[in-house]
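Dear colleague, please find below a short note on the structure shown here. The points may be read in order, with the sequence and the coordinates at hand.

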Amino acid sequence: MSILSLFKGVRLPRSPEPPPPRPLSPPDKVIIPLRQHQGRVCEPVVEPGQEVLLGQVVGASEEFEAAAVHATVSGKVEAIAETYDPAGQRVPAVVIANDGRDAWVEAEGAPPTLSEVEVVQKTRPTRLLKRLREAGLVRSGLLGLPLHVDLSPPMAPRAYMFMTGIPVVRPIDTLIVKAVDHDPPVVTNQAALAEAGEELALGIAALARIAGARRVVIVLPAGVEPPGVAQLAARHEWETTHLDGRHFPYAVDNLLVKKLTGRVVPTPYGEPRDVGVVVEPLVTALDVGRVLSQGRPPVDRLFTVAGDVAQPQVFRVRMGTPIARVIEAAGGLPVEPGKVILGGPMMGYAHFDLDTPVTKETDGVVVQSAESVRTFQDQPCIHCGRCVAACPVGLVPTELGKLCEYGQFEDAAERDLLHCIECGCCAYVCPAQRPMVHLLRFGKSEVLARRMEQ
Ligand code: SF4
Ligand code: SF4
């Protein structure tokens, strides 16, 4: 199925240009989930009562599909307890009381830091990859993969190969770095442009070197022309292009790949790597550059607070900070709160526990007042066809929604349910306010669960 030939989507309101990111002081206590990515849970390597230093490993795993987690403050481990992750799943976590010293751990036998693009371009990819793995880097964005998995050689067994039996053989030739955000008003990648400099150049060069990409394309928001990025791009012969982030969901990886390279990612289990492309968010490229130039794992990240708060803002915040504290710094919840959504309003997850911490994969939170929440109704479809006109991957959401609602999951699968990218366009345009994404997510999880049992 061609994707962009059928591209439709919806047009969202323009997000205001973000002010420069503001640092937020570390909290008294951080909650470090032992899984902050799509993949395996780490084992705790510290115990309650133990003193830890900033950047010290507190959770690790031998499994390939896991990323180590580190202390984001120095202090004392209070407990190993459960918390919620951004998708609402229970996950074990290390709770650390902050001693306020920010005393860094001394890394024994650490390799020298890298500060020049030319050196990175000559360093063996496996060495670079090892450093990123030790730093526990994860691709920014909900359900992000550990970065070493995302960048691993194409012949590695991927989900696509697992489900289809087709080996992935195409080498990577293109790296796309996204400074656009796919779910406005979360504008974390756009805000990161304010920090673009030599560390960003290092990060992009390392990603291209590891992936083996000769072509690098930096995707900027329409109308935004940061001089620092233009200089970097000219110096290293990287391309820049612009994208109107209002045209949703153009910035979703598979659609972006089609737009920029003309290649169609095989769905439903494929990913850009399968057609020779790696896509990484700008904040991830910046993290890579910082890890290489500072020799330390990231302990903070950029995080957008948007929606019905007094001062929407992008913060640089310690990972493990409860979301409630970041919302408070942006002016707090509205008098009558309605919904708190991690990720963006179209593709994010509504949350019920504001003690959920900011993690490596969470790039923002959107607060909605009771007045602005769009409540879904238990209404029948009126067959207006708007969802069909909006679906960017050419599905018939009205039909799929009904099949999932009545438990006819295999029939839905035969009608390409698993091709749904959960973009929310069908729910956005539905005049009957049917809970389309809920129905489709439920149907997809049922189909996948049944296939795993077979
Ligand atoms: S959520 Fe799925 S079915 Fe609905 S518009 Fe997006 S891709 Fe199409
Ligand atoms: S937009 Fe809503 S009411 Fe219209 S066809 Fe789709 S599901 Fe039915």
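Predicted model: local features only at pLDDT ≥ 70, side-chain atom pairs only at ≥ 80, totals over all residues.

1. The mean pLDDT of the chain is 90, and 95% of the residues reach a value of 70 or more. Residues 1–6, however, have a pLDDT below 50.

2. The domain assignment of the chain gives three entries: domain 1 covers 25–107 + 297–369, domain 2 covers 110–294, and domain 3 covers 376–453. Taken over C-alpha atoms, the centres of domain 2 and domain 3 are separated by 31 Å. Six residues from domain 2 and six residues from domain 3 take part in the contact between them. On the side of domain 2 that touches domain 3, five residues are nonpolar, one is polar and none is charged.

3. How do helix 2 and helix 6 pack, and at what angle? Helix 2 spans residues 125–134 and helix 6 spans residues 198–211; their axes lie 9 Å apart and form an angle of about 120°. Helix 2 is therefore oblique to helix 6. The crossing of helix 2 past helix 6 is left-handed.

4. The residues that make this helix contact can be named. Helix 2 contributes Pro125, Leu128 and Leu129, while helix 6 contributes Ala206, Arg209 and Ile210. In the contact of helix 2 with helix 6, five residues are nonpolar, none is polar and one is charged.

Note on methods. Residues numbered from 1 in each chain as written. Chains lettered and ligands numbered in written order. pLDDT = per-residue confidence, 0-100. Contact = placed C-beta atoms within 7 Å. Domains from an automatic or database assignment. Nonpolar A, V, L, I, M, F, W, Y, C, P; charged D, E, K, R; others polar. Axes fitted to C-alpha atoms, helices over the stretch in contact; angles between N-to-C directions. Helix = DSSP H or I, 4+ residues; strand = E, 2+ residues; numbered from the N terminus. Parallel < 35°, antiparallel > 145°, perpendicular 65-115°, else oblique. Left-handed = near helix turned anticlockwise from the far one by under 90°.
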